[in-house]
Amino acid sequence: METDWLWGLAGGALIGTAGAIFLLMNGRVMGASGLVGGIVDGTDRGMWRETAAFLGGLILAPALLRPVFATETHLTDSLPLILVAGLMVGFGSRLANGCTSGHGVCGISRLSLRGIVATAVYIGAGGVVMALLRHLWGVI
C-alpha cells in the first residue's frame with residue numbers, strides 16, 4: 001500500500017495546528033496572503049515581527065527539511081515560471097480576499113460562510129482546470 005497520503009495528512013495537521021496557535025496567540029486568522037499583504041501595504045506594522053517570523057518559517061522549514069525528507073516532486077526547475085506562478089497566486093488571493101490557508105483552513109474551521117463558499121469555488125475551479133488540461137487538452 002502506498003503511504004504518500006501520510007505526507008498530506010501530516011502537512012494538513014501541521015497547518016491546522018499552526019492556524020489554531022496563530023489564532024489563539026494573535027487573535028487573527030492565519031491567512032498567508034493577508035499576512036503578506038499586511039507587510040506590503042503597511043497595515044501590520046504592530047505585528048511585523050510575528051508576521052515576518054511566520055512567513056519566514058513557511059519558506060525556511062521546507063528548505064531545511066528537504067534533505068532529511070527527500071521526496072520526488074513535480075515542481076519545475078524554472079525560476080521564472082515559479083515566480084510568475086507565485087505572483088498569479090498572490091493576485092488571485094488578493095482578488096478573493098484570502099487564500100487557501102485563510103479561507104480553507106481557518107474559515108471552514110470557524111464555520112465562516114465566506115470561507116466555505118470560497119473554498120468550494122477554488123476547489124471546484126481547480127478540478128475543472130485539471131480535467132480540461134488532462135482529458136481535453138492532454139497537457140498533463
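Trainee: Which residues make the nonpolar surface patch of about 870 Å²?

Mentor: The patch is made by Trp7, Leu58, Ile59, Leu60, Leu64, Leu65, Val68 and Phe69. This is a predicted model, in which local features need pLDDT of at least 70, side-chain atom pairs count only at pLDDT 80 or more, and totals for chains, interfaces and linings use all residues. Residues are numbered from 1 along each chain as its sequence is written, and side-chain values use heavy atoms, with hydrogens and water left out.

Trainee: What makes a set of residues a patch?

Mentor: Each member must have over 30% relative accessible area and no salt bridge; like charges are joined within 9 Å, and nonpolar side chains (Val, Leu, Ile, Met, Phe, Trp, Tyr) within 5 Å. A salt bridge is a side-chain nitrogen of Lys or Arg within 4 Å of a carboxyl oxygen of Asp or Glu. Accessible areas come from the Shrake-Rupley method with a 1.4 Å probe, and for residues only the protein chains shown count as cover.

Trainee: Which element gives the largest share of the nonpolar patch?

Mentor: Helix α3 does, with five residues. Leu58 has its place in that helix, α3.

Trainee: Why is Leu58 called partly exposed?

Mentor: Buried means under 20% relative accessible area, exposed means over 50%, and partly exposed is in between (1.4 Å probe, protein chains only). Leu58 has 44% relative accessibility, so Leu58 counts as partly exposed.

Trainee: Are Leu55 and Phe54 buried or exposed?

Mentor: Leu55 lies in helix α3 and counts as buried because its relative accessibility is 12%. Phe54 is also found in helix α3, and at 18% Phe54 counts as buried. Of the 140 residues of the protein chain, 19% count as buried.

Trainee: How many helices and strands are there in the protein chain?

Mentor: There are six helices and zero strands, and the pattern along the sequence is α-α-α-α-α-α. Helices (H or I, at least four residues) and strands (E, at least two) are DSSP runs, numbered from the N terminus. The C-alpha trace spans about 50 × 35 × 35 Å along its principal axes.

Trainee: What volume does the largest pocket have, and what makes it a pocket?

Mentor: The volume is about 1800 Å³. On a 1 Å grid over the protein atoms alone, a pocket is an open set of points with protein on both sides within 12 Å along at least five of seven lines, whereas a cavity is a set where a 1.4 Å probe fits but cannot get out; lining residues have an atom within 4 Å of a point. Grid points are joined across faces, edges and corners, and a volume is the space filled by probe spheres set on the points.

Trainee: Which residues of the lining are closest to the centre of the largest pocket?

Mentor: Of the 49 lining residues, the closest are Ile15, Gly57, Leu58, Ile59 and Pro62. The largest share of this lining, 10 residues, comes from α3.

Trainee: What classes of residue does that lining have?

Mentor: The lining of the largest pocket has 31 nonpolar, 15 polar and three charged residues. Ala, Val, Leu, Ile, Met, Phe, Trp, Tyr, Cys and Pro count as nonpolar, Asp, Glu, Lys and Arg as charged, and the others, Gly among them, as polar.

Trainee: What lies in the second largest pocket, by volume and by class of lining?

Mentor: About 290 Å³ of space lies there. Its lining has two nonpolar, 11 polar and four charged residues. The largest share of that lining, three residues, comes from α5.

Trainee: Why does Leu111 count as exposed?

Mentor: Leu111 has 70% relative accessibility, so Leu111 counts as exposed. Leu111 is found in the loop between α5 (100-109) and α6 (113-136), and has a positive phi of about 55° although it is not a glycine. Most residues other than glycine have a negative phi.
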